[in-house]
Amino acid sequence: MQIEVILNDKPVVLHAEMDEFLADTLRKHGMLSIRKGCNTSCCGLCTVWLDGKPTLSCNVLSIRANGRKITTIEGAAKEAEAFAEVLVAEGAEQCGFCSPGFIMTVIAMKHELVNPTEAEIIHYLTGNLCRCTGYMGQLRAVKTYLEANII
Amino acid sequence: MFTLLDLVQPETIDDAYKILMAKKNNTVLGGCAFLRLSSSRIGTGVELSKLNLNYIAEEQDYIEIGAMTTFRDIETNAILQEYFNGILPQAVSHIIGVQFRNVVTVGASVYAKYGFSDLITALLALDTEVQLYKGGRMPLVEFLERPYEKDLLTKIFIRKNQRRASYHNLRSSASDFPIINVAVSKLETEWLIVAGAMPSRAKIAPKASAELSKENIDIERIAALAVEELVFGTNARATAEYRKAICKVLIARGIREVLQCK
């Protein structure tokens, strides 16, 4: 089955089985930033933006993405790099496996929320799990990034 | 992980229902989150994206919510934040994460009558009706009690009124399935005490609810009465005894909170 999407601002034709999820389709297409960490739709590692909204690509049937706009971290490079620098400076990255999904969610949060409180930040990022850290480095990084209003 | 032999995207609700009923293992594809955890062998998956059922609309007497509305849309919707002390956004906000809530749908949760559902518990404390293609429109409480019959749930209606409501839950860790959840609401003198994730699905505690309409209420006594009416069970998450003990506390908190609601 073929689906036509706008992937990182480029029109692309993807090939997928009917019961294939978007994470697998995108990884086959070379978007290896998308990881599958849980198989139970709870870890957030596979986060992409679907029409700008942070979404679990592991839980969206590829056919549902037909005609829509998909953004992976490869397509949000400028914002991702800006935040990643802050993240690394805080020592918040260990194995790095959760980072792409986490960064995509942080940038989506920056687009969606205005001056979030710490509680609102934690609430928005609750769906991104990290097995290495206790999230404190990430939280410092997010606050630094938001305060500096880096784009 | 489920498998599909075929997938269709009907453009009318009539077609969707016909295809759904054509074979026993034809299945509606809602958010697919719970389906994904199963090993279902689906004949034809009926994908509802083209039916324009992703909406929340404020009508004169009702708020109407289409079955394909996501939990995140419920959470962020201004109308739902305004009515009923924002119980619906509150109830769904604890579930997994923003990305997950951008996927899962109202229709799937309500139709499947999930025991762990936070949404159903909150909806049951409001004046909610469901619309089924074959079964027609009926109160949610009636739909939940009916034996299973394959059908297509297209929308839910919540009567607009001055119902005051409060939602409480306990989870082992943030974002996990609830161990127990509770919704309490009041409209004039009529109260509803609802508990869910017992682990069975949400139910009203009718006798205890009626007690709240009387004068000089003893909150602790009524909360104790409510948990005697409800049936708790044991599973991997908690024992029946634990659920009952916590439920009593959450009900008391819910009542106190509703009494303060404006």
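Student: In this predicted model, is the crossing in which α2(A) passes α5(A) left-handed or right-handed?
Tutor: Helices are DSSP runs of H or I with at least four residues, numbered from the N terminus. A crossing counts as left-handed if the near helix is turned anticlockwise from the far one by less than a right angle, and as right-handed if clockwise. Under that convention α2(A) passes α5(A) in a crossing that is right-handed.

Student: What pLDDT do local features need in this predicted model?
Tutor: Residues are numbered from 1 along each chain as its sequence is written, chains are lettered from A and ligands numbered from 1 in the order in which they are written, and side-chain values use heavy atoms, with hydrogens and water left out. Totals for chains, interfaces and linings use all residues, whereas side-chain atom pairs count only at pLDDT 80 or more and local features need a pLDDT of at least 70.

Student: Are α2(A) and α5(A) parallel or oblique to each other?
Tutor: Helix α2 (residues 77-89) and helix α5 (residues 136-148), both of chain A, pack at an angle of about 125° with their axes 8 Å apart, the axes being lines fitted to C-alpha atoms over the stretch in contact and the angles running from 0 to 180 degrees between N-to-C directions. Angles under 35 degrees count as roughly parallel, over 145 as roughly antiparallel, 65 to 115 as roughly perpendicular and the rest as oblique. The two helices α2(A) and α5(A) are therefore oblique.

Student: Which residues of α5(A) meet α2(A)?
Tutor: Contact is taken as heavy atoms within 4.5 Å. From α2(A), the residues A:Glu79, A:Ala82, A:Phe83, A:Val86 and A:Leu87 meet, in α5(A), A:Gln138, A:Ala141, A:Val142, A:Thr144 and A:Tyr145.

Student: Which helices do the buried residues of α5(A) pack against?
Tutor: Buried means under 20% relative accessible area, with a 1.4 Å probe and protein chains only. In α5(A) the buried residues are A:Gly137, A:Gln138, A:Leu139, A:Ala141, A:Val142 and A:Tyr145. Their packing partners in chain A are α2, α3 (99-112) and α4 (118-125).

Student: At roughly what angle do the axes of α4(A) and α5(A) cross?
Tutor: The crossing of α4(A) and α5(A) is right-handed, and its contact is made by A:Glu118, A:Ile121, A:Ile122 and A:Leu125 of α4(A) together with A:Leu139, A:Val142, A:Lys143 and A:Leu146 of α5(A). The axes come within 11 Å and cross at roughly 115°.

Student: Which residue follows α5(A)?
Tutor: Helix α5(A) has 13 residues and reaches 18 Å from its first C-alpha to its last. With a positive phi, near 55°, the residue that follows α5(A) is A:Asn149.

Conventions:
The expected span of a helix is 1.5 Å times one less than its number of residues. Buried means under 20% relative accessible area, exposed over 50%, partly exposed in between (1.4 Å probe, protein chains only).
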